[in-house]
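Here is a short briefing on two ligands and their surroundings. Look at the structure first, then read the points below.

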Protein chains: 2
Amino acid sequence: MADLDALQAELSGLKLETHPSLVKQKSRDFFWYSPVLKRRLDDVTGDLVVTPSSEDDVARVLAACYRHDVPVTVRGAGTGNYGQAMPLAGGVILNMAEMTAIRSIEPGVVVCEPGAIMADIDRRARTETGQELRLHPSTHRTASIGGFVAGGSGGVGSVRWGGLRDLGNIVRLKVLTMEAEPRVIELAGEDIHKVNHAYGTNGVITEVTMPLTAAYEWVDVVVGFDALSSAAAFADMVANQDGILTKEIAVVAAPAAHDYFLRHQRFIGREQHVVVLMVAPFAMDALAGLVDRSKGTLTYRSDVTVAGDGESVPPAYELCWNHTTLRALRVDPAITYLQILFPYPDHLTKVAAMADKFGDEVVTHLEFVRFDGNVACFGLPLVRFTSEERLDEIVSVFETAGCPVFNPHRYTLEEGGMKQTDPVQLAFKKETDPKGLLNPGKMIAWEDPSFDYSSHKTYLFPGLHRA
Amino acid sequence: MADLDALQAELSGLKLETHPSLVKQKSRDFFWYSPVLKRRLDDVTGDLVVTPSSEDDVARVLAACYRHDVPVTVRGAGTGNYGQAMPLAGGVILNMAEMTAIRSIEPGVVVCEPGAIMADIDRRARTETGQELRLHPSTHRTASIGGFVAGGSGGVGSVRWGGLRDLGNIVRLKVLTMEAEPRVIELAGEDIHKVNHAYGTNGVITEVTMPLTAAYEWVDVVVGFDALSSAAAFADMVANQDGILTKEIAVVAAPAAHDYFLRHQRFIGREQHVVVLMVAPFAMDALAGLVDRSKGTLTYRSDVTVAGDGESVPPAYELCWNHTTLRALRVDPAITYLQILFPYPDHLTKVAAMADKFGDEVVTHLEFVRFDGNVACFGLPLVRFTSEERLDEIVSVFETAGCPVFNPHRYTLEEGGMKQTDPVQLAFKKETDPKGLLNPGKMIAWEDPSFDYSSHKTYLFPGLHRA
Ligand SMILES: Cc1cc2nc3c(=O)[nH]c(=O)nc-3n(C[C@H](O)[C@H](O)[C@H](O)COP(=O)(O)OP(=O)(O)OC[C@H]3O[C@@H](n4cnc5c(N)ncnc54)[C@H](O)[C@@H]3O)c2cc1C
Ligand SMILES: Cc1cc2nc3c(=O)[nH]c(=O)nc-3n(C[C@H](O)[C@H](O)[C@H](O)COP(=O)(O)OP(=O)(O)OC[C@H]3O[C@@H](n4cnc5c(N)ncnc54)[C@H](O)[C@@H]3O)c2cc1C
C-alpha cells in the first residue's frame, strides 16, 4: 500500500481534501447514466483530492505521487458519462477546478488553463471579440475545456466542424508527464491525437489552445414533421446546405420530444417528430423556405416565439446530445442510451431500418455531424433498459447492420471506442507514465495487452478499488 | 429606331457619356478571354453610358428607357468574362460604378449598394468588425458586388461555403423592375435565385445584403508534388478536413505553375505540380503535418517565406480561378480555357482520365469546392486553342465522360450553364421586364423559346448590334 500520510505531508501547502464523503463526491461523474456502469462503479472512490492552482502545483503532485506510487486521476468538472474521471484504483483525484485562467483571446484562438468552463470561455470570447468555441458538449455551462479535450468527442458545432478527433479542432496542448521529474510536452498538429480522448491516462493537460469562430445570436429552432423519415431527410438536407450556417441539427422521434422536453412541450405535438436546430440569424429566411418546401412546421423559433406566460425555455443545445438522454431519464428512469455511428452515404436508410426493427424499445435520436468531410449522423437513441444481455444484443444488431457502436456502458477507452488499441496513445503512455499511475484501468492496451476483444466479454479492471 | 436624343433630354441632370470611344470602352468586359467571343463580340457597343448615383436615378433611367424602348445593360466593373455586360443590342449602359455606399456592417451581414468593390467591402468589414465576405471572385480588387451576384458564380471561399447558387450565400436583394413605373422588389431565401446569375436580364439590383464571416490573416501556401495525382489527392484530402479552415484550394499541373506564375517562379520547380491554398494561421501546424504525410513540399508560405530581394508576390487568390487563365494568357496568348464540373464522388478518377486523354493540349487546373454538401472540383483547364471546332470537340469529350461543361465561349445564360431554360428566371423576367429591354440577347428562353439545344448549334442573337 502506498503511504498516503507521507504523500500528504509532502503536499503540504497545497489544497487537500480527505473527508471521505467529500472525496467520494469528487470521485464520481455521470457514470450513473448507464445502469451497467452504475452497478459496477458505484462504490469507487479516491483517497485524497488535491486542487492545484498552477502548473507548478501539478508538477509537484505528479512528482510526489510518482515517488509514492500513488495513482492520479485528473478531474475537470466530472460530467463525463462513462466513469472516465473515476479513480478505479483509488489514490489522488487531481481536481483542475481552480486552474481556470483564460490567458489570451486572439482572432481564431483562445489559450487557457484546462479547468476553464466552456461557457465562461465563450462569454469572454464573445464579449471581447465576437468569437466563440467551435465545438462544445451539451454540458457547455458546467464542463471544463480540459475535460472536453481529454474525455469528450464533439457535440454542438460538429455539424459544421466535425469532432475533436479532426485535425485543427484543437490547436495546441501543454501536457505534464508522470515521472520523477515531470516534463512539459507541447503537442500540435497530428500529435494532439496522443492525448485527445485519452481520459488523462498519458499526461495531465495544463494548457489548452482552441480555435475560435465567429459568434452569432444563434436562433433556436424546432421544426415538426409527421414522419420520422421526413424529419431525418430535412435534417440531412439542411446539414448539406453549404451556405446555411447552422451550429446544431438533431432529430428526436415522437413522442419523446413532446414527452421529455417539458418546457418546450407546448410547442410540440405528441405525434410530432422534431428537428432541433441552431441557425445563424441571417440564414433564417433561407431555412424557412426549406421548411416550407419540406412540408415541415416551424413550431418554435427563439427570435420570434414569445413564451406567453413569460416562462423561459432551455437553450436548444440542452435538448441535444446527452441532454436528450438526461431529459428522458428525468421523466422515465428506466431509460438508457447508446452511441451509434450511421455512416455516410446510406445513413438515412440505416436509420429507417433500425427504427423499424426496434420500434418503441429504441427511440430514434440523431445528431447530424460532418464526419471525414461528409454529412453523417450519430444515433444517441433512448433505449428502454431491461437487462445487460438485451442491451448487448441491441448493440450487436446495430453492429451487424454496419453501424459502429461506441458503447457508453464501458469504462475503458477501447470498449467505448472501436474495440482496438490506439497505438499512438499507448506509445505516448509508455513515454509519459512509465509506472502506469495515470487513471489506471481505463486503457486495456496498457493493463492487459493480450485482452481478446472477440470474446465479447467486458473487460473488468482487476485493480478495481472499492471503498 | 429609338429616339436617343429624346431619351437624353429626359435624363438631363444625370451623368451621361456619349463619346463613342468612351462608350465603347464601357461596353466591353473580359469577353476577349475567349477567342470565340472575341471574334463575335468585338464590335459590340452601346449608345450612351448613364452613371446613376442613387436608386431614384436608376428608376428614372429605367422609366425613360421603357418609354423610349431603349435597351438597358447594367455594368458593374466589367470584369465578366462571357460578355455578360456587353450591350448586344446597343442602347444604354447603366454604369453602377458610383453607387458604392456601404450602408451597414453587422455581425454576419453587410448591406451595400451594388457598385461597391469587393475589396473595399472587405477592407471596411475587416477594420471595423474583423469580418469579410464569404465568397469572392479572384477579381476581388476590381469587381463589384452587384456584378458578382448578377454575373458570377463563386470562387475564393467556395471550398468552404459552396457557390452563390447555394441558399444562404446571398441574404437579401433589392431589385428595380423595367416598367413604366419601376417597382422595388425585395428578394430573400429561395427567391434570390431569380436574379442571381441572371446577367441583369430581369431587374436591376440596387441593394445587396451579403453574409459575412470571420476574417483571418490567411496564409498563402504553395505545396509541390511530383505527380499530378498526388497533388489532386492532397487537395481533396485537405478540403475534406472539417477542422482545417481553408479559404482556397487549387491545383495547377506542371509546368504551368512554374511557367505562368512569374513572381512565384523561384518557389516552384518546372516539374512540380502545385496545390495553392489559403489557410487560417492557426491551422498551419495541422496542414504542415498533412504535407509531410502526403510527401509534398511546402515551397512557399506567406507567413514564413521571405522574398530575398524584397520583391512582393501577388496574393494566392490571384493565382486561382480565372486569374490562372489570365497569367497563362499573358505568357502565351494562344491559350484559352474551359469550365468543367468534376462531380463527386469520382471526381479524382475523372480528373486523371481527362489529363491522360488530352496531355499537353489541356493542362489541368482544378478548383476544389463544396458542391451540394460534398467536396468536388471544378476544372478550369488551360487549353491550347487551335480552332472553334476542336474546342467544341474537347467540350464533348468532357461531357461524354460525365463532366458537365459550363461553356465560357458562349454569351447566353443557357449555353454558359446547363443548356436548359431556367424557368424561375424566365418567369421573373416576364414580371420585371415585359418589353424585354434588359440586356437583350442573353436569355435564349426569352428570345427564342423554341431554340433546339440538341442541334449543337451556337445560339446567335439576331439583334446583335454592330457599331
Ligand atoms: C448531460 C450530458 C451531456 C453531455 N454531452 C456531451 C457532448 O455533447 N459531447 C461530448 O463530447 N461529451 C458530452 N458529455 C460528456 C462530458 O460532459 C464531456 O465530455 C465534457 O466535456 C467533460 O468535461 P468535464 O470537465 O466534466 O470532464 P471530466 O468528466 O472531469 O473528465 C473527463 C475525462 O478527462 C480527463 N481529464 C479532465 N481534465 C483533464 C486534464 N486537465 N488533463 C488530462 N485529463 C483530464 C478525466 O480524467 C476524464 O477521463 C455529456 C455528459 C453529460 C452528463
Ligand atoms: C481574371 C478574372 C477572374 C475571374 N474570377 C472569377 C471567379 O473566381 N469567380 C467568378 O464567379 N467570376 C470570376 N470572374 C468573372 C467576374 O469577374 C466576376 O463574375 C465578377 O464578379 C463580375 O463583377 P463585375 O462588377 O465586373 O460585373 P460585370 O462584369 O460588370 O457584370 C457582370 C454581369 O452582372 C450584370 N450586373 C452588374 N451589376 C448589376 C446590377 N446592379 N444589377 C443587375 N445586373 C448587374 C451585368 O449586366 C453582367 O451581366 C473572373 C473574371 C476575370 C476577368
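Helix 6 of chain B gives the most to the shell around ligand 2, namely 5 residues. Helices (H or I, at least four residues) and strands (E, at least two) are DSSP runs, numbered from the N terminus. This is a predicted model: local features need pLDDT of at least 70, side-chain atom pairs count only at pLDDT 80 or more, and totals for chains, interfaces and linings use all residues. Residues are numbered from 1 along each chain as its sequence is written, chains are lettered from A and ligands numbered from 1 in the order in which they are written, and side-chain values use heavy atoms, without hydrogens and water.

**Ligand 2**
- Around ligand 2 there are 38 residues (a heavy atom within 4 Å).
- Val74(B), Gly76(B), Thr79(B), Ser144(B) and Gly154(B) are the closest.
- A polar backbone atom of Val74(B) is 2.6 Å from an oxygen atom of ligand 2.
- For Ala77(B), a backbone N or O atom lies 2.8 Å from an oxygen atom of ligand 2.
- The protein covers 98% of the 970 Å² of accessible area that ligand 2 has on its own (Shrake-Rupley method, 1.4 Å probe).

**Ligand 1**
- Ligand 1 has 37 residues around it, and Val74(A), Gly76(A), Thr79(A), Ser144(A) and Gly154(A) come nearest.
- An oxygen atom of ligand 1 is 2.7 Å from a polar backbone atom of Gly76(A).
- A nitrogen atom of ligand 1 is 2.9 Å from a polar backbone atom of Ile205(A).
- Helix 6 of chain A gives the most to the shell around ligand 1, with 5 residues.

Definitions and conventions
Polar contact = N/O pair within 3.5 Å; in protein donor to acceptor, adjacent residues only side chain to side chain.
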